[in-house]
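This briefing covers selected residues and side-chain pairings. Please read it alongside the sequence and the structure.

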Amino acid sequence: MSKKLSVVVSVYNEELGLRQFYQHTAPILQATSKNTGWDYELIFVNDGSKDASLDILREFATADEHVAVINFAANRGHEAAMIAGIDYSTGDGVVCMDADLQHPPESIPGIIEKFNEGFDVVSMIRNSRADAGIFKRITSALFYKVMNAMSGKTKFENNSSDFFAISRRVALVLKNDYRERVRFLRGYVQSVGFKKTTLEFDASARVAGESNYNLKALIKLSLNAICNFSDVPLKMGIYAGVFSLFAAFVLLIYSIVQYFLGTAPNGYSTIIVVLCVMFGVLFIILGFISEYLAIIFAEVKNRPIYIVDSIITKDGEELK
């Protein structure tokens, strides 16, 4: 019995590069299917695009029986789009990638080889990125160092991305059990267990358009990742309290000694500095507590991760 590969592609306002992506990717999938015996499906998830992306995707689905389009009722975010693609996939293996060709479709034959070798999780590790400046490289490296330091037993591959592949049984675990409203999907994939491996790739520049990830989105993703995999920020208050008591004790001894020596210092500057430092630490701790409460609030409301407006295939449009 032949196996099947599901390729999940999240789309948000990608009209300028969608045709290039499809024209580049479809022949690779066809050739890979012929060479490996794996059938395939190409699932585009339209994450509430405001441009002509949906019309272009409808063209693909109408002309190609391997293409299906999941159309969201509203924008839900990149990770929700990937989760939806995984939920609707039917393949023995699932590959998640972006529509800007920074995740090279040429890696797919190598991914299938890893599936054939019995691996359940293939993390794609980025060697280089054509459009990444020194700031992005530094912040990316720092992010994974901080995450690995704070996450306890769970360790993340440096320079991993939202380009990854999972077997059917891992997809079912994500579908049935990992249903958080605030999530860090690439972290779930690396922490779920099973037999894991890595493949390396070089990320080219975007084929067209501009990235939808700005600094604000990256900060939000980082906070979600930390709060999903670590409780260290909640313990910062304990560490800060112990340090403050120690510093206060040292300052008390110093002040007593200076008093008896008759050279007691003017305490204005010291008080101002101490107050600024401690209030800064306090507000950071309160900020992290607020993030955890926001996550709990989102989970308690139990609203859907995404809402599907329609599913488009060669046979027509199925309204949901």
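Predicted model: local features only at pLDDT ≥ 70, side-chain atom pairs only at ≥ 80, totals over all residues.

Helices (H or I, at least four residues) and strands (E, at least two) are DSSP runs, numbered from the N terminus. On that numbering, histidine 103 sits in the loop between β4 (93-98) and α4 (108-116).

**Histidine 103**
- Histidine 103 counts as buried because its relative accessibility is 6%, under the 20% limit.
- Its side chain reaches the backbone nitrogen of aspartate 98 at 3.0 Å.
- Beyond residues up to four places away in sequence, histidine 103 touches Met97, Asp98, Ser161, Asp162, Phe163 and Phe201.

**Methionine 278**
- Methionine 278 belongs to helix α10 (residues 268-301) and is partly exposed at 30% relative accessibility.
- Leaving aside neighbours within four places in sequence, methionine 278 is in contact with Ala240 and Ser244.
- Serine 244 is 34 residues from methionine 278 in sequence, yet their C-alpha atoms are 8.1 Å apart.

**Salt bridges**
- Arginine 58 pairs with aspartate 55 at 3.4 Å, N to O; the two are three residues apart in helix α2 (residues 53-63), so about one helical turn separates them.
- Arginine 58 is partly exposed at 29%, as is aspartate 55 at 46%.
- Glutamate 117 and lysine 114 meet at 3.8 Å, N to O; glutamate 117 is partly exposed at 45%, whereas lysine 114 is buried at 18%.
- Arginine 169 and aspartate 120 form a salt bridge at 2.8 Å, N to O.
- This pair links distant parts of the chain, 49 residues apart: arginine 169 is in helix α6 (residues 168-176) and aspartate 120 in the loop between α4 and β5 (121-129).
- Arginine 169 is partly exposed at 47%, while aspartate 120 is buried at 7%.

Technical notes. Residues numbered from 1 in each chain as written. Heavy atoms only, no water. Buried < 20%, exposed > 50% of the residue type's maximum accessible area, 1.4 Å probe, protein only. Contact = heavy atoms within 4.5 Å. Polar contact = N/O pair within 3.5 Å; in protein donor to acceptor, adjacent residues only side chain to side chain. Salt bridge = Lys/Arg side-chain N within 4 Å of Asp/Glu carboxyl O.
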